[in-house]
Amino acid sequence: MAYTKDQLLARLQELKIEFLSCDHPAVMTVEEQAKYVGHLGGALSKNLFLKDKKHRLYIISALANTKVDLKILSQRLGLGKGGLRMAPEEALPEILHVALGSVTPFALINESARSVSLLLDKGFRSQRYCLFHPLTNEVTIALTPSDFDKFLLSIGREPAYVDLEDCPVVGKDNPPDLAYLVPAEALNLQGADKVPPTSAPAQTNAPLEQKTKQPTQKPKEPSKEQKQKSGKDKPQINGDAVADSTNVEKFVEKVLEKISNVFISELTKQSNAEDGNIKDHVLEGVKQRVSSDLLSMTMTLKNSVYTQGFHAGIESTIYPLANKKIAERK
Amino acid sequence: MASTAGGETLAAPDPIADGRTEGVEEEQVVNPWEVSAKGGKIDYDKLVDKFGCQRLDDSLIQRFERITGRRAHVFLRRGLFFAHRDLSDILDAYERGEKFYLYTGRGPSSESLHLGHLVPFMFTKYLQDVFKVPLVIQLTDDEKCMWKGLSVEESERLARENAKDIIACGFDIERTFIFADFSYMSPPIYKNIVRIANCVTGNKIVGIFGLTLEDYGGKFFFPYIQAAPSFPSSFPHIFSGKHSNLRCLIPCAIDQDPYFRMTRDVAPRLSYHKPALIESKFFPALQGESGKMSASDPNSAIYVTDSLKDIKNKVNKYAFSGGQDTLEKQRKYGANLEVDVPVKYLNFFLDDDAELSSIKEKYGSGAMLTGEVKARLIEVLSEIVERHQRARAAVTEEMVDAFMAVRPLPRMFA
């Protein structure tokens, strides 16, 4: 069942989402759209409907002046170089149920689009209003970022905001940071409705493995995603974060690594100095440079260990009571 | 036992004026909900005079160093924490072997925190470390519910999220109790709230906070809630027996002074010590001296969630520079250090005194360029933000539960 613009707007009203709406002649580009809706004072979006080599589909919704480099995004998604292409024209009416020039995140309200992955420009979050087509390019609506999130959550989507302009080097030591956004299944373009509805849960489980393997390498992304997914995925993320922060071997490893790196660099720096007291200068330099980090790491260790002890204490009190109840019942 | 039982009369409270209820000639407004000044620059001397608190001078800083055996925190040395009330009393008592506890808080109005938000927490952590004293942290989810119209559930959620960033500042769980008003409200603290409420009329509240009868009643009641943690009997699970009348020191930004002026007025009437205060200036926004950083303008501050790229971009693009317009002019005249924001930031975040004065000297004379100063700032800020993000990633829901559990802190002075 394909949603119409009116059905979408009715749904927004049901969700108590306020939006401004502006009718205009059909527009095919952001520039044209700007002529009619510039006065709304919001951020225009450009929306790309893409597919990868395995026929998985993506909508990338970005602020009009964000630079979107498909080559880089392809690598960040783990699709290799040149893995992202424009989706075939038939996919628009079949999957998104919209016409050419009307690609919009709102199309994900359709059941047929449940396997389409949505990447949102993190720049949206700081905008007063975001502008999108409500399933037709003859209308533009403006709504606040938090209301937009509200809509996405209402259709079972966890909003995934990404720094689209970031260009991290993807390689052996740096796994693709957006790989968790790749849909779990591809869509067969003819008869897409027959695909079984298992994609949503699979999509949220995949990211956990990805992120927990690299807690120390990419602190910024996991903590951001952790915040967004904390509701659903709490146990797994916490399990591995705890394992890492209470692991004594890993701790010592990190400490030694930090000190050795800084030591070597201080040694090289000071060996150029003329003063004879190299030893003291080097040790002083090392101490200055690593103290703050080491203190922070060690406090984390202390707090994590206490936390485990605390919960063990609670459990050990409850355990005999719980067992007593069970024994009494028998 | 009031600390100045003989000497003070209740009829002469600390001067109240806060700018909100005074005449049109008021040039600057500083209160918990508004900070602004004509011409943009806050006159801290005038503020200290008007509020009636005292400036933190060098002799006090030296006393800190003597008592704690450590170099004073960079925020003290560079004058970010610049005013106080009764700090000397706290230090006197400490030297006599009488301990104290720390109390600070946060109003969880947004999920994203910036460096300005972290400043009081970074300083409080230093105080906890050097004095080895316990700390209570109040998350005023109820306040945000009342003032920002957030739902109860949303305020509670934000409080928990903010707690994680606060924990990431490195507080010691053996001496720290974090609580959110909605979940901690219980007999001990509620009784104190009512005791305080019985001492302060609505008229007084209007005078201090500028409320009117059009405002919802909760706003009149909230100041009593923010005052209550200043009294140790609000936390009998932590402060009992010989600690039941422990002194309290409150590190906070100076716009919170009105709450605690009121509290200090009330304390003697309830036979409690007056809480002491140590107060900070406002952290300058990236774009310059016009007031506080704003959570609604992401480019006015460095956020703890910013990537290294974001920091670089924000400092390069938005940090207000005191440098000259052209290379030639810069070399000839040097930079205006008075208005240069990167130098102000380095003033607070670059610990190395020698390096800082070298930068100021070279930049002021033109030997150094804006780009170089900004590059050094980016390095310094990146280190801080990265360290914070690493610590933040390790904070689990269980850890938050443990920090917020109502439990005794047996080794809080060890």
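Predicted model: local features only at pLDDT ≥ 70, side-chain atom pairs only at ≥ 80, totals over all residues.
1. Extent of the interface. Contact between the two chains involves 27 residues of chain A and 29 residues of chain B. About 2,800 Å² is buried between chain A and chain B, and carbon and sulfur atoms give 58% of that area.

2. Five salt bridges are found between chain A and chain B. One of the salt bridges joins K302(A) to E174(B), with 2.8 Å between the closest N and O atoms.

3. The chain A side. Helices α7 (220-246) and α9 (278-329) of chain A each supply at least two residues of the side that touches chain B. The most comes from α9(A), with 12 residues. By residue class, the side of chain A that touches chain B has 12 polar, nine charged and six nonpolar residues.

4. Q389(B). This residue lies in helix α17 (residues 370-393) of chain B. Q389(B) has a relative accessible area of 4% and counts as buried, because the limit for that class is under 20%. Its side chain reaches the backbone oxygen of V304(B) at 2.7 Å. Q389(B) and S307(B) are 82 residues apart along the chain, while their C-alpha atoms are separated by 9.6 Å.

5. D177(A). The loop between β8 (161-162) and α6 (199-212) of chain A holds D177(A). D177(A) is buried, at a relative accessible area of 9%. The side chains of D177(A) and R76(A) make a polar contact at 2.9 Å.

6. Burial of strand β7 of chain A. Five of the five residues in this strand (residues 139-143) are buried, so the strand is largely enclosed by the rest of the structure. In a regular strand, side chains alternate between the two faces of the sheet. Here V139(A), I141(A) and L143(A) are buried on one side of β7(A), and T140(A) and A142(A) are buried on the other, which leaves both faces covered.

7. Partners of β7(A). Strand β1 (residues 20-23) of chain A pairs with β7(A) in the antiparallel sense over four bridges, and L20(A) stands opposite A142(A). Strand β6 (residues 130-132) of chain A also runs antiparallel to β7(A), joined by three bridges; L131(A) stands opposite A142(A) in this pairing. The hairpin of β6(A) and β7(A) has six residues between the strands, and L135(A) there takes a positive phi near 75 degrees.

Conventions:
Residues numbered from 1 in each chain as written. Chains lettered and ligands numbered in written order. Heavy atoms only, no water. Contact = heavy atoms within 4.5 Å. Buried area = accessible area lost by both parts, 1.4 Å probe. Salt bridge = Lys/Arg side-chain N within 4 Å of Asp/Glu carboxyl O. Nonpolar A, V, L, I, M, F, W, Y, C, P; charged D, E, K, R; others polar. Buried < 20%, exposed > 50% of the residue type's maximum accessible area, 1.4 Å probe, protein only. Polar contact = N/O pair within 3.5 Å; in protein donor to acceptor, adjacent residues only side chain to side chain. Pairing = 2+ DSSP bridges.
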